[in-house]
Amino acid sequence: MAAVSQGANYIEKAIGHTGDAITENNMTNPDRDRSKYGDPSGEKMKALVWNGKNDVQIVETSKPKVIEDRDVILKVTGSTICGSDLHLLHGAVVQLQKGDILGHEFCGKVDSVGPGVKNLKEGDRVVASFQIACGDCMYCKRKLSSQCERTNENKVENIMYGGRTAGMFGYSHFTGGFAGGQAEYARVPYGDVNLLKLPDDIPDEKGLYLSDVLSTSWNCVVDTGVKEGDVVAIWGAGPIGQMCAQMSFIRGAKRVIVIDGGNAAWRLDLVKEKTPKVETINYTDLPSGTTVTSKLKEMEHGGPDVALECAAGEYAKGIGHKIELALGLETDTSEILNEMITSVKSYGRVGITGVYVGYTNHFNIGAIMERGIRFIGNGQAPVHLYWQDLLKMLQDGSLDSSIMLSHRVNMDEMDTLYKKFDARADNLQKVFVQTRFSDPPAAGTPQLTSWK
């Protein structure tokens, strides 16, 4: 996969960009051109950068500066690590370059604004959406911000997908090449559109997660059509799967069954502890001859109504897919997808939220057609469509994001965090990463963990 990733860089260089983005692309670290992108004060910051497959490092680099009229520079007060960051760590997402600053979930305080920003001022507490939207294109007018037409000029993505997503923070040049928020400062293009003010009653330890995980989970549940009386099965007990379980009950689901196993099996106990109504399946403990599909059909006549994929396509189980992934014959395994398709009732719904980046083999298209399965790509979640309503749910207590928050760590230990999170170690579920600009921990949230 790493060879495929770097090959995509060469292809993009050869064919060029589409040239239609209205904000600067491929600026993943201010030190790539310090005179153009670095703050004239010469101030430095700590940042987490990708340095090659399975190698991330904390480095010192230049503080970014305002380069466009609607830019906002943030003092980052909170960031986190996401399961999709592991796809970057492993080199599974194409077009990473050494020195790229990672991180697509972050919140902070406004440090400075461009002259075109009228709705924010220095000191405002805000959360950033993980996608960068212009606010004016066809998709943005419908608040489908993840599909903005004007912030990502990557031609390889355009060719592969028949269209492009919006630009995204810290997620490779494939999504525009924007420096991410696992840093002490971050530049937010179109900051007047891509930042949401946080009220005083929402601490960073809650508001941060409006950036991605809450919107992504809600989009998965709503877009797949979870409704009153449904039986829902969820593949993956990480933060997205955990929040999808809570949100499925909010939407009226009758039963929610969460599936996980291997070195992540401990997450099933965590989800059950925090949401006791959840039922679980540890696939590594199933007796010989029992599959996830057969177990689900044993638990519910015909299987669940809805299956939600909250894992991702890079984690192969069988030797065949492991070989094909290693040889670059596919970018994603179809194993979980096929398991979901065969598990749901006829005319059931399957929603895909875990990251799939390219092509897969041995996909059970026949079952989809013959049994009328609704196979739904949930897409990168349109954060702007949901984040105001989700903020209200956090405020009135109908949504509890604290159930997934397990640890608080310092920014300068993020390289260690990546290794431990990848190994599913130390019962790390969702983490709050503090910087020198962060407030003290809010009441009832985890105290600082250090591995030094």
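Predicted model: local features only at pLDDT ≥ 70, side-chain atom pairs only at ≥ 80, totals over all residues.

User: Over how many bridges do strand 10 and strand 11 pair?

Analyst: Strand 10 covers residues 231-235, and strand 11 covers residues 255-260. They pair in the parallel sense. The number of bridges in this pairing is five.

User: Which residue in strand 11 is the bridge partner of Ile-234?

Analyst: Leaving aside neighbours within four places in sequence, Ile-234 is in contact with several residues, including Val-256, Ile-257, Val-258 and Ile-259. Of these, the bridge partner in strand 11 is Val-258.

User: Which helix packs on the sheet, touching strand 10, strand 11 and strand 13?

Analyst: The helix in question spans residues 239-250. Its direction makes about 170° with that of strand 11. This is helix 9.

User: Which strands stand at the edges of the open sheet?

Analyst: Six strands form this sheet in the order 12-11-10-13-14-15, with parallel pairing. Each edge strand has a single partner strand, so one side of each is left without a neighbour in the sheet. The edge strands are strand 12 (279-282) and strand 15 (374-377).

User: Is helix 8 roughly parallel or roughly perpendicular to helix 15?

Analyst: The axes of helix 8 (residues 213-223) and helix 15 come within 9 Å and cross at roughly 105°. Angles of 65 to 115 degrees count as roughly perpendicular. Therefore helix 8 and helix 15 are roughly perpendicular.

User: How many charged residues are in the contact of helix 8 with helix 15?

Analyst: Helix 8 brings Leu-214, Ser-215, Trp-218 and Asn-219 to this contact, and helix 15 brings residues including Tyr-386, Trp-387 and Leu-390. By class, eight are nonpolar and two are polar.

User: Is His-362 buried or exposed?

Analyst: His-362 lies in the loop between strand 14 (349-352) and helix 14 (365-371). It has a positive phi of about 60° although it is not a glycine. Its relative accessible area is 54%, and a value over 50% counts as exposed. So His-362 is exposed.

Methods. Residues numbered from 1 in each chain as written. Heavy atoms only, no water. Contact = heavy atoms within 4.5 Å. Axes fitted to C-alpha atoms, helices over the stretch in contact; angles between N-to-C directions. Helix = DSSP H or I, 4+ residues; strand = E, 2+ residues; numbered from the N terminus. Parallel < 35°, antiparallel > 145°, perpendicular 65-115°, else oblique. Nonpolar A, V, L, I, M, F, W, Y, C, P; charged D, E, K, R; others polar. Pairing = 2+ DSSP bridges. Buried < 20%, exposed > 50% of the residue type's maximum accessible area, 1.4 Å probe, protein only.
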